[in-house]
Amino acid sequence: MKGMKQMDLASIIRNVPNFPKAGIQFKDITTLLKNKDAFHQVVDSLFHLFDGQHVDIVVGIEARGFILGSAVAYLLNSGFVPVRKKGKLPAAVRSKTYDLEYGNATLEMHVDAIEKNQKVVIIDDLLATGGTIQAVCEMVEEAGGEIIGIAFLIELESLQGRKAIQKYPVYSLIKLD
Ligand code: AMP
């Protein structure tokens, strides 16, 4: 959006204490998404990180990664691949189980979603400990995809999730504690 004033995105993300459980400061991006100027700015900024590079596939992680990732895929003229929670994808999947603070979670991707040597960008709303993105990177590489970058709307820097994905170019638009 040429000439448009840049918005302070961090100020319109809603912090919800103790959701979904005690001690978590949940970063609610619905307050950003419903603001047309903010949504436009976020999608444009994510797009510009990769504009001019060849990107075959944007991978979005359920659920908020779908909202941002599909818009960015459209602008990059790339395909979009969803990574979903266990049991949602209908055809044959590869899956990855990873540790959460309490218990674990399983993510899945269709086995035919990414072809060997395709150039892949991964997008999610938020980087916390990095467990989620690490699992997704492993799945993409097992499929033969080449990860050319990873982008988040928000990075919770104190959790040092970047350490899990040091070997890739990692971008975040908003850095919080
Ligand atoms: P992690 O695997 O710890 O990096 O967590 C990242 C995933 O969990 C992302 O898909 C986020 O949407 C979600 N997430 C983790 N912590 C938060 C938080 N404080 N607020 C909102 N979403 C979160």
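## A walk around the ligand

Start by selecting Asp125 and the ligand: a polar side-chain atom of Asp125 lies 2.7 Å from an oxygen atom of the ligand. That is a polar contact, meaning here a pair of N or O atoms within 3.5 Å. You are looking at a predicted model, in which local features need pLDDT of at least 70 and side-chain atom pairs need 80 or more, while totals for chains, interfaces and linings use all residues. Residues are numbered from 1 along each chain as its sequence is written, and side-chain values use heavy atoms, without hydrogens or water.

**Stop 1**

Now click on Gly130, where a backbone N or O atom lies 2.7 Å from an oxygen atom of the ligand. Next try Lys27: a backbone N or O atom of this residue is 2.9 Å from a nitrogen atom of the ligand. On its own, the ligand has 490 Å² of accessible area, and the protein covers 82% of that (Shrake-Rupley method, 1.4 Å probe).

Which residues come nearest to the ligand? Select Asp124, Asp125, Thr129, Gly130 and Thr132, out of 13 residues around it (a heavy atom within 4 Å). Then colour strand E2 (25-28), strand E7 (119-127) and helix H4 (131-142), which each supply at least two residues of this shell (DSSP runs of at least four residues for helices and two for strands, numbered from the N terminus).

**Stop 2: the pocket**

Where does the ligand sit? Show the largest pocket, and you will find the ligand there (more than half of its atoms within 2 Å of the grid points). A pocket is an open set of points on a 1 Å grid over the protein atoms alone, where a 1.4 Å probe fits, with protein on both sides within 12 Å along at least five of seven lines; lining residues have an atom within 4 Å of a point.

Select Phe26, Leu100, Leu126, Ala128 and Thr132: of the 37 lining residues, these lie nearest the centre of the largest pocket. Elements giving two or more residues to the lining include helix H3 (64-76), strand E5 (93-99), strand E6 (104-110) and strand E8 (146-156). Strand E7 gives the most, with 4 residues.

**Stop 3**

Most residues other than glycine have a negative phi, and most peptide bonds are trans. Zoom in on Phe19 and Pro20, joined by a cis peptide bond with omega near -5 degrees. Pro20 is in the loop between strand E1 (14-17) and E2.

Move on to Glu62 and Ala63, where the peptide bond is also cis, with omega about -5 degrees. Ala63 belongs to the loop between strand E3 (57-61) and H3.

Finish at Asn77, which is not a glycine but has a positive phi of about 60 degrees. Look for Asn77 in the loop between H3 and strand E4 (79-85).

How values were computed: Polar contact = N/O pair within 3.5 Å; in protein donor to acceptor, adjacent residues only side chain to side chain.
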